[in-house]
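Please read it alongside the sequence and the model.

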Amino acid sequence: SSRYSEFVFRSVCESLEGSFPDIPRKEFADSWEDSFIVTKYTNLPSALLELGFATTKTDAEKILDPAWQAELCDAVANGISKAFGK
């Protein structure tokens with residue numbers, strides 16, 4: 001399932017990059033098999049996305065903004081839809 005998870009993840013990343021081209025992205029390549037429970041102990045496609053940090057003032061302000069939340073949700077949902085061919 002890790003190959004399919006990675007495929008879905010890449011689609012979500014492309015969507016996020018398209019919606020937020022000025023925000024840098026960091027990917028941890030070892031997360032598919034080794035690091036995170038959400039990607040290691042499941043038979044379903046899975047990915048862990050960190051879309052901000054509540055401990056960072058600018059991130060926290062964005063996280064609380066409903067418009068920002070909607071933009072992030074739309075980008076993630078569009079990436080998932082594209083991965084499934086919709």
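## Salt bridges

Glu 17 counts as partly exposed because its relative accessibility is 37%, where buried means under 20% relative accessible area, exposed over 50% and partly exposed in between, with a 1.4 Å probe and protein chains only. The side chain of Glu 17 meets that of Arg 25 in a salt bridge at 2.6 Å, N to O, a salt bridge being a side-chain nitrogen of Lys or Arg within 4 Å of a carboxyl oxygen of Asp or Glu. Arg 25 is likewise partly exposed, at 42% relative accessibility.

The structure holds three salt bridges. Another of them joins Glu 6 to Arg 10, with the closest N and O atoms 2.6 Å apart; both residues lie in helix H1, four residues apart, about one turn of the helix. Glu 61 and Lys 57 form a salt bridge with closest N and O atoms 3.9 Å apart, and these two residues are separated by about one helical turn because they are four residues apart in helix H3 (residues 57-63). Lys 57 counts as exposed at 64% relative accessibility, whereas Glu 61 is partly exposed at 47%.

## Model and fold

This is a predicted model, in which local features need pLDDT of at least 70 and side-chain atom pairs count only at pLDDT 80 or more, while totals for chains, interfaces and linings use all residues. Residues are numbered from 1 along each chain as its sequence is written, and side-chain values use heavy atoms, with hydrogens and water left out.

The protein chain has four helices and zero strands, both being DSSP runs numbered from the N terminus (helices H or I, at least four residues; strands E, at least two). Of its 86 residues, 22% count as buried. Among the contacts with a separation of 6 or more, 59% come from residues 24 or more positions apart, a contact meaning heavy atoms within 4.5 Å.

## Helix H1 and the end of the chain

Ser 11 lies in helix H1 (residues 2-19) and counts as buried at 11% relative accessibility. Leaving aside residues up to four places away in sequence, Ser 11 touches Gly 79, Lys 82 and Ala 83.

The structure holds three aromatic pairs, in which rings of Phe, Tyr and Trp (its six-membered ring) have centres within 6.5 Å, with planes under 30 degrees apart counting as stacked, over 60 as edge-to-face and the rest as tilted. Tyr 4 and Phe 84 form an edge-to-face pair, 5.9 Å centre to centre with 70° between the planes. Tyr 4 lies in helix H1 and Phe 84 in the segment after helix H4 (66-83), so the pair ties together parts 80 residues apart in sequence. Ring pairs link Tyr 4, Phe 7 and Phe 84 into a cluster.
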